[in-house]
Amino acid sequence: MNQSERLDRTFAALTDPTRRAILAQLERDDDGATVSDLARPHAIKLPAVMKHLDILDDAGLITRSKSGRTVTVRLQPKPMREAMEWLRRYERFWSASLDRLALYAEAKEAEARKGRK
Amino acid sequence: MTSLTLVRRIRARPSIVFDALVTAEGIAQWWGPDAGPVLIAEADARIGGRFKVRFRLLDGTEHESTGEYLEIAKPERVKMTWRWTYGGADPGESLIEMSLRPVAEGTELTFTHSRLQDEESSRSHEAGWSGALDKLEAIFARGAAGPSR
């Protein structure tokens, strides 16, 4: 998978509010959470939660490990960091541009005021 | 839909800010992420008209983007498509919308760059994305994900 495909997967996985809530919950819990822990706050059945976990797993956003009958889910922060970094590049680009735009427009405004006197 | 919104308050009237946004003369003064020069600035600010901007970064690399104006409503709103055409990977066409609102000190500019994600995959997910960036930031507010301003 190249970077663009990875980003697509990450963003697609994040489009769903339940999946975002699951990630937020995992972020709070460094030791990971069980599938039933994750299902509890949501008004959905276990199979639906499993489906969301499959999508998050495919996107590399979580890992699952099994011990006996218990599956522990942990956050895998790298893909999200990569997605954030990608968005931040655009943010830096436009932020710096708009700072200069403001300076330029303010100089133009000062000129216009002087011209009116 | 992947999008980024920035808001700036500028001490200049909306018509002046508007001209700075859509004229070649204006664009040449501000476009680009560092103090490197704008090499080409062309802007035909009417619906269906095109713009082209090429700039050189301080590291010496050159980048160019072009697009088409979709909406021009002076001095309130500009909408245009946007695409990298030189100097890096092309992630596809995205959309820029700039709204200007008069405020006491001058103008409040709201700048939105949207559809940043590859169009093919974003189409089916557009409805769900909005606000996800905020959530992402919230999730990482605690972590060392990067700078916060």
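In chain B, β6(B) and β7(B) pair in the antiparallel sense over nine bridges, where a pair of strands needs at least two bridges found by DSSP. The two strands form a hairpin with two residues between them, and R101(B) stands opposite E108(B) in β7(B). Helices (H or I, at least four residues) and strands (E, at least two) are DSSP runs, numbered from the N terminus.

A word on the ground rules. This is a predicted model, in which local features need pLDDT of at least 70 and side-chain atom pairs count only at pLDDT 80 or more, while totals for chains, interfaces and linings use all residues. Residues are numbered from 1 along each chain as its sequence is written, and chains are lettered from A and ligands numbered from 1 in the order in which they are written.

| Strand pair | Sense | Bridges |
|---|---|---|
| β6(B) and β7(B) | antiparallel | nine bridges |
| β1(B) and β7(B) | antiparallel | seven bridges |
| β2(B) and β3(B) | antiparallel | five bridges |

Within these pairs, L6(B) stands opposite F111(B) in β7(B), and A41(B) has V53(B) in β3(B) as its bridge partner.

Axes are lines fitted to C-alpha atoms, for helices over the stretch in contact, and angles run from 0 to 180 degrees between N-to-C directions.

**Burial and cores**

Seven of the nine residues of α1(B) are buried, so α1(B) is largely enclosed by the rest of the structure. A residue is buried if 20 or more other C-beta atoms lie within 10 Å of its own, exposed if 12 or fewer, and partly exposed in between. Among the buried residues of α1(B) are I16(B), F18(B) and V22(B).

A nonpolar core is a set of buried Ala, Val, Leu, Ile, Met, Phe, Trp, Tyr and Cys residues joined through C-beta atoms within 7 Å. The largest one has 28 residues, of which A105(A), V17(B), A20(B), L21(B) and M98(B) touch the most other members. Two or more residues each come from α5 of chain A and from α1, α2, β3, β5, β6 and β7 of chain B. The largest share, six residues, comes from α1(B). Apart from this core lies another, of 24 residues, among them L53(A), L56(A), V73(A) and L87(A).

**Between the chains, and within chain A**

Across the interface, 38 residues of chain B are in contact with 37 residues of chain A. On the chain B side, the largest share, six residues, comes from α5(B).

In chain A, the axes of helix α2 (residues 17-28) and helix α4 (residues 46-58) come within 10 Å and cross at roughly 75°. That makes α2(A) roughly perpendicular to α4(A), a label for angles of 65 to 115 degrees. T18(A), R19(A) and I22(A) of α2(A) meet H52(A), I55(A) and L56(A) of α4(A).

Methods:
Contact = placed C-beta atoms within 7 Å. Parallel < 35°, antiparallel > 145°, perpendicular 65-115°, else oblique.
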